[in-house]
Amino acid sequence: LYSSNSDETRAMASTTKIMTCILALECAKPDTIVTVSSRAASMPDVQLNICSGEKYYLKDLLYSLMLESHNDTAVAIAESIGDSVEGFASLMNDKATSLNLRNTHFVTPNGLDADGHYTTAADLCRLTAYAIKNKKFLEIISTPSYSFSEIDGKRKCNVYNRDSFLTMYKGAIGVKTGFTGDAGYCFAGAAKRNDITLVSS
């Protein structure tokens with residue numbers, strides 16, 4: 001309907017996590033046990049402050065990933081599914097190719113600034129439109145709050161949806177906010193009214 005500089009490549013910050021989440025939903029079972037590595041635990045803010053050696057169910061970490069955009073959670077998920085951050089990035093790029101995201105390339109699962117990590121507004125809209133067709137993805141991004149525990153029950157976590165768009169706009173679906181120094185403030189959004197769904201970024 002409207003575009004401006006839609007094919008200009010830009011850093012994408014935490015809108016990256018849309019791809020991380022949809023890949024996790026498609027490539028792994030919800031009860032997959034994710035063991036936190038030292039690399040995951042060392043990620044900078046925003047973080048869940050998970051510790052090396054802790055174990056969580058993937059289905060729980062996806063709420064941490066999308067509701068509060070935790071960077072450590074993203075790496076833990078990536079390593080669980082792709083065996084490494086680099087392996088998961090390869091899966092992300094394969095998926096980008098399959099979705100015809102011609103001007104997108106992934107390096108990290110959390111969107112922290114990195115050389116070669118970029119997308120365009122047009123590609124981000126395509127990715128978002130694809131992701132919101134997944135019912136579980138929609139359920140996660142529209143959840144106001146979620147509570148879970150480490151598998152052994154020693155630690156309990158509460159996460160809250162930080163996307164204010166959900167309460168600002170009638171029919172809002174979400175989807176994901178983001179910010180880094182290189183990217184600035186980012187947003188991929190979707191809304192539905194009268195059986196019409198529109199996506200923007």
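This is a predicted model: local features need pLDDT of at least 70, side-chain atom pairs count only at pLDDT 80 or more; totals for chains, interfaces and linings use all residues.
**Overall form**

The protein chain is built from eight helices and seven strands. Its C-alpha atoms fill a box of roughly 50 × 35 × 30 Å when the box is taken along the principal axes. A compact globule of 201 residues would have a radius of gyration near 17 Å, and because the protein chain has 16 Å, the value agrees with that expectation. Of the 201 residues, 48% count as buried. Among the contacts in the protein chain with a separation of 6 or more, 63% are accounted for by residues 24 or more positions apart.

In soluble globular proteins, nonpolar side chains tend to be buried together. The largest nonpolar core of this model has 49 residues, and those with the most contacts inside it are I18, M19, L62, M66, I77 and F137. Helix α3 gives the most to this core, with seven residues. This helix, which spans residues 58-67, is mostly covered, since nine of its ten residues are buried. Its buried residues include L61, L62, L65 and M66, and also D60, Y63 and S64. Just after α3, S69 takes a positive phi of about 60 degrees.

**T108 in its loop**

T108 lies in the loop between α5 (85-98) and α6 (121-131). Is T108 buried or exposed? With a relative accessible area of 13%, T108 falls under the 20% cut-off and is therefore buried. The side chain of T108 makes a polar contact with the side chain of N110 at 3.3 Å, and a polar atom of the T108 side chain also lies 2.9 Å from the backbone nitrogen of G111. Not counting residues up to four places away in sequence, T108 touches T16, M92, A114 and H117.

**Backbone geometry to check**

Most residues other than glycine have a negative phi, and most peptide bonds are trans.

| Residue | Phi |
|---|---|
| N5 | near 55 degrees |
| S69 | about 60 degrees |
| D83 | about 70 degrees |

N5 lies in the segment before α1 (17-27), and because its relative accessibility is 57%, N5 counts as exposed. D83 is found in the loop between α4 (71-82) and α5; at 71% relative accessibility, D83 likewise counts as exposed.

A cis peptide bond joins D45 and V46, with omega at about 5 degrees. V46 is found in the loop between α2 (38-41) and β2 (55-57).

Key: Residues are numbered from 1 along each chain as its sequence is written. Side-chain values use heavy atoms; hydrogens and water are left out. Helices (H or I, at least four residues) and strands (E, at least two) are DSSP runs, numbered from the N terminus. Buried means under 20% relative accessible area, exposed over 50%, partly exposed in between (1.4 Å probe, protein chains only). A polar contact is a pair of N or O atoms within 3.5 Å; within protein, one must be able to donate a hydrogen and the other to accept it, and residues adjacent in sequence count only if both atoms are side-chain atoms. Contact means heavy atoms within 4.5 Å. A nonpolar core is a set of buried Ala, Val, Leu, Ile, Met, Phe, Trp, Tyr and Cys residues joined through side-chain atoms within 4.5 Å. The radius of gyration is taken over C-alpha atoms; the globule rule is 2.2 Å times the number of residues to the power 0.38.
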